[in-house]
Amino acid sequence: MRTREEDAALRRKAMAWLAARTNDGLDAIWHEDLKDFEFQGVRRPLKDRQLGIYKPKDLDAALSISTVFRREGDDRPYDDAPGADGLLRYKWQGDDPEKFTNRGLRRAMELQLPLIWFWGVAPGWYKPIFPVFLVAEEPDHQQFVVATDPIQNFEASGMGREEVFRRYALRMTQQRLHQPVFRSMVMRAYETRCAVCKLRHSVLLDAAHIVEDRAENGVAAVRNGLALCKIHHAAYDAGILGVTPELRVEIRQDILDEIDGPVLEHGLKGLHNEPLRALPRRRSDKPDPDLLAQHYQKFISADGPWSRVDAAWIGGVSE
Ligand SMILES: [Zn+2]
């Protein structure tokens with residue numbers, strides 16, 4: 001049996017691996033590709049081929065749960081609507097509470113271990129949701145209660161209650177105040193135009209951060225911002241599009257080599273080596289060359305993963 005430390009390391013590595021392969025859990029993964037995961041040099045599965053609950057032999061507790069894809073109108077074997085408390089439920093396997101899979105889940109709950117939830121989105125395709133935690137068992141209904149956001153289960157986050165609520169409050173302040181104010185400032189400075197393509201429709205524009213805004217207090221400065229349309233924002237964040245400190249656009253080589261429809265041709269490839277087309281009038285609002293250089297260095301040196309998963313929720317990655 002693995003030690004507690006090895007168990008924790010395996011879970012962290014599995015989640016970091018999934019984050020890198022699924023665009024931080026945004027994309028689904030093909031079940032065959034799940035077989036490529038390795039821990040300590042050995043391939044090992046992340047979900048059971050048959051059962052919904054995966055309890056590896058060498059672990060004390062379950063590692064993942066799965067929900068099978070059902071087409072609309074098909075009978076769902078399990079009810080996946082949230083309960084009155086807003087939390088999801090996951091059914092036991094069968095009726096026997098002592099079945100090894102159900103015991104494996106109970107153990108994960110007792111030890112407050114993070115689990116991966118593989119949610120079927122098409123035959124053989126799963127969207128991984130992680131980390132999730134089991135917060136209670138409801139034996140009368142033969143099910144566990146699942147917290148899908150660490151805030152729903154602060155005990156499992158390894159942080160104290162105050163720290164978790166501080167983070168939550170911070171997140172809310174960011175979402176309700178700082179991001180909207182930053183957006184308004186950036187949109188005014190760029191006169192509601194994408195810096196890369198000059199698109200003018202506010203609903204299609206974002207205020208992107210040149211480098212990730214780690215400062216927790218206060219609104220980021222416009223010089224760390226770029227008004228970008230949705231496509232160029234996503235491309236910038238994903239490392240497909242870079243901006244040099246001299247305000248020139250570059251597109252990643254593999255994208256330049258690709259042949260596809262008009263959005264790729266004109267919307268990305270056609271902008272390679274072009275100057276930014278919209279900039280603030282005020283000097284102090286213009287993109288900061290040092291910040292641009294930081295992102296640009298990352299853009300030219302790395303081809304991914306550009307993981308944005310908040311490592312604090314999962315823990316550091318080590319083996
Ligand atoms: Zn654009």
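Predicted model: local features only at pLDDT ≥ 70, side-chain atom pairs only at ≥ 80, totals over all residues.
## A tour from helix 7 to the zinc site

Start by selecting L291, L292, H295, Y296 and F299, which are buried residues of helix 7. Look down the helix axis: these residues cover an arc of only 130°, which puts them on the same side of helix 7.

The buried residues of helix 7 pack against helix 4 (230-237), strand 12 (241-243) and strand 13 (249-251). Then turn to the face directed away from the buried side, where you will find the exposed residues D290 and S301.

Now select D288, at the N-terminal end of helix 7. D288 caps this end, with a side-chain oxygen 2.8 Å from the backbone nitrogen of D290. If you like a quick geometry check, take the end C-alpha atoms of helix 7 (residues 289-301): they are 18 Å apart, which agrees with the 18 Å that 13 residues should span at 1.5 Å a residue.

For the last stop, select the zinc ion. Which atoms coordinate the zinc ion? They are SG of C194, C197 and C229, together with ND1 of H232, at 2.1 to 2.4 Å. The angles among the 4 donor atoms run from 92 to 120°, and the site is tetrahedral. Along the sequence, the donor residues follow the spacing C-x2-C-x31-C-x2-H.

Methods: Residues numbered from 1 in each chain as written. Heavy atoms only, no water. Donors = N, O, S within 2.8 Å, 3.2 Å for Na, K, Ca; no water. Tetrahedral: all angles 85-135°; square planar, octahedral: opposite > 155°, others 65-115°. Helix = DSSP H or I, 4+ residues; strand = E, 2+ residues; numbered from the N terminus. Expected span 1.5 Å × (residues − 1). Buried < 20%, exposed > 50% of the residue type's maximum accessible area, 1.4 Å probe, protein only. Arc of directions from axis to C-beta. Contact = heavy atoms within 4.5 Å. Polar contact = N/O pair within 3.5 Å; in protein donor to acceptor, adjacent residues only side chain to side chain.
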